[in-house]
Each structure stands twice: as structure tokens, then as C-alpha cells.
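The following exercises are to be worked with the sequence and the coordinates open side by side. Each task is followed by a solution in steps.

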Amino acid sequence: MVVLADEALDQIPLIRSPKLGANFSDIPVVDLSMPGSAEALVGACEEVGFFKVVNHGVPVELAERLEAEAIKFFALPQLDKEKSGPPNPFGYGNKTIGLNGDVGWVEYLLFAITSAPLSYTSMSFLEEPSARSFRSALKEYLQAVRNLASDLLRLMAEGLKIEPIDAFSRLVMGEQSDGIFRLNHYPKCPILEKLNCSLTGFGEHTDPQIISVLRSNSSTGLQISLKDGTWVAVPPDQESFFINVGDALQVLTNGRFRSVRHRVLANGLKSRVSMIYFFGPPPAERIAPLPQLMGEGEQSKYREFTWGEYKKASYKSRLSDDRLGQFEK
């Protein structure tokens, strides 16, 4: 667990805790074992930009193994963890998120993921013989979630009735595709137990990529913003995956799919561990609305850009910035 001086809390925004029971009960659920899952998935992406996947085919043991390994790492002495940091941009990070002043009650490991063969950023602790089980758990989990993401993106194409069926999945499964994997730990904070508020764990933002696949433990904290700007809490479910529509997918669908704004609050009562796989296209890939999704006479809402250009702009922005705004026509 991270042990920080009280003054460190002064840098992190406090947010009033939601009322008990203020969970959002209308999270779209897509059951991959049922007929009509492609249409359900498209509806969820249009209405909320976020959904839960059940009967996904990923053994729960894979996530549990990686979570256990992550907990062991985050329990190490602070100096030992910092040997794998600071993030530049990959590695171990603590409280600081990015380079532009964002902070949160979080420590994390951030990996770059390559596809062929599947590999990830090396860090000092992973080179130790004792990290063999971590390496094994990480690789097995990444491969399983890659397969799930490919299936989901193909279902999106099917539900939208566009061809080829890999119109989306090919963008994130190729040799040059730009993947990122994040392990987040939001530690307990005893000071908060006396207050009716939460610390910002990870500030509000949208994900720049095409989709991101999230799995967390049983702790609360994740919130999403609805179309009317209302923030609602997402009930945790450690046996399911949660999917975020990213900015790039919003552009590819010309705004038909919604890139969901979300955040994580740390209530201090229980630690939260989450793992997020972000699926991005190759840096040189040009991002623009797909012609087969444009109606007759419909104009593109966005100017064309490469993923590399958008990623560079994202790195220069604050979490809460409207990144897509500068690319709108």
C-alpha cells in the first residue's frame, strides 16, 4: 500500500460522495451467448458509449491471477516499486498522471503492447526470477482480452451492417497497432473515512483509442457521464468486462457512437484494482468516418487525422480537455 504524507492529499481534488445506492442500474449488458448481441452492442454504443459484457468466454481465473500478482507488486516497499519508474510514458507511476498537471489517488503500471508476437514493455521488476508468475499471468490475460476485443469489434461491424467484417478489428490487431495496458491501484485512505467525500482517483476523461476493455475487483469507484452530464456510479462486477467507446471510434462512426466520459473516485474504505487494455490503431492510420456509415449527403463532422497526430495532441492535453474539439469541422 502507498503511504503518503497528508500534504500530498492537498493536491488531489475532493468530490462529494454519492448517496448510498446511487448506482446506475441501466448499464447496458451485452450477452455474447445470446442471439442479437451485435444489435444490442450497437445500441449500447449509440446510447451510452459504455456497456458490460457477460458470457464473454474469458476464464475468470486469468483475471484473478493477474490481480493477485498486481496486488503483490503494489504491496512492495515504495523504493522497490519506484525502480520501475518514473513513467516515460511507460513504467510505474504514483499520483502523477501524464505530464500536464493531472494527479489522482492512484499508483499504476503502464505497458506498451505490441502484437506480433504479443509482447509488452519490460520493467526492472519483471526481469527478476521471482516475477515469472507475473509475466505468465500478464501474457495469458492480454491474449485472452485481445481475442475478446477482436470478437467485439467484429460484432460492431456486423451490427452496423458494414463490410468487411474486420473493418474495425483490423485496425487494432495488426503488427503496427498501438496497444496500451494499464494496471491501476487505488489505495485505502483512512482519512476519508471521517469525511463525506471521495478523492479523485483518476480524473474525468474520455479514452482516445478505439475501444478499451476494463476489468476491476469488487470495489466501487467507477463513474460515467450520461448524455445530460449526470454522473452515475457503475456497480462493480469482477466476473464481467466493461467496454468504453473511445474517441477514435466516435470519429469512425461520425459521432453515431459516443465516446464516454468517465472517472474513478477513491472513497478510502477499500482499495480498488483495475486493469484496462486500450486498443489503438497504427500511428500512420488515417482516422475519418467510414464511407459506408455516411448517409446520402451526410458531411463528416471531423477533419481527417492520423492516429499519431491525435495521440500526440492527447499527450499535450489535460485529462478533462475536449480532445476531439480541435479536430471538429
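**Exercise 1: Charges over rings**

The charged end of R263 sits over the ring of W231, 4.1 Å from its centre. The model is a predicted one: local features need pLDDT of at least 70, side-chain atom pairs count only at pLDDT 80 or more, and totals for chains, interfaces and linings use all residues. Residues are numbered from 1 along each chain as its sequence is written, and side-chain values use heavy atoms, with hydrogens and water left out.

Task. State the criterion for such a contact, and determine over which ring the charged end of R182 sits.

Solution. 
Step 1. A charge sits over a ring if NZ of Lys or CZ of Arg is within 6 Å of the ring centre and within 35 degrees of the ring normal.
Step 2. For R182, the ring is that of Y108, and the distance to its centre is 4.5 Å.

**Exercise 2: The surroundings of strand β3**

Task. Determine how many residues of strand β3 (residues 50–54) are buried, and identify the strands that pair with β3.

Solution. 
Step 1. Helices (H or I, at least four residues) and strands (E, at least two) are DSSP runs, numbered from the N terminus. Buried means under 20% relative accessible area, exposed over 50%, and partly exposed in between (1.4 Å probe, protein chains only).
Step 2. In β3, 5 of the 5 residues are buried, so the strand is largely enclosed by the rest of the structure.
Step 3. In a regular strand the side chains alternate between the two faces of the sheet. For β3 both faces are covered, with F50, K52 and V54 buried on one side and F51 and V53 buried on the other.
Step 4. Two strands pair if DSSP finds at least two bridges between them. Strand β2 (residues 29–31) pairs with β3 in the parallel sense over 3 bridges; V30 has V53 as its bridge partner in β3.
Step 5. Strand β12 (residues 241–245) pairs with β3 in the antiparallel sense over 4 bridges, and F242 in β12 is the bridge partner of K52.
Step 6. Together, β2, helix α1 (residues 37–47) and β3 make a right-handed β-α-β unit (with the strands pointing away from the viewer, the path from the first strand over the helix to the second runs clockwise).

**Exercise 3: Aromatic pairs**

Task. Classify the pair F73 and F125 by its geometry, and do likewise for Y277 and F279.

Solution. 
Step 1. Rings of Phe, Tyr and Trp (its six-membered ring) pair if their centres lie within 6.5 Å; planes under 30 degrees apart count as stacked, over 60 as edge-to-face and the rest as tilted.
Step 2. The structure holds 15 aromatic pairs. One of them joins F73 and F125, with 4.4 Å centre to centre and 40° between the planes, and is tilted.
Step 3. This pair links distant parts of the chain, 52 residues apart: F73 belongs to helix α2 (residues 60–74), and F125 to the loop between β6 (119–120) and α4 (132–160). F73 counts as buried because its relative accessibility is 2%; F125, at 13%, is buried too.
Step 4. Y277 and F279 form a stacked pair, at 4.0 Å centre to centre and 15° between the planes. Both residues are buried.
Step 5. Y277 and F279 also belong to one aromatic cluster with F111, Y120, Y141, F181 and F241.

**Exercise 4: Positive phi**

Task. Decide whether N55 is buried, partly exposed or exposed, and do likewise for N254.

Solution. 
Step 1. N55, in the loop between β3 and α2, has a positive phi of about 50° although it is not a glycine. Its relative accessibility is 49%, so N55 counts as partly exposed.
Step 2. N254, in the loop between α6 (247–252) and β13 (262–266), has a positive phi of about 55° and is not a glycine either. At 3% relative accessibility, N254 counts as buried.
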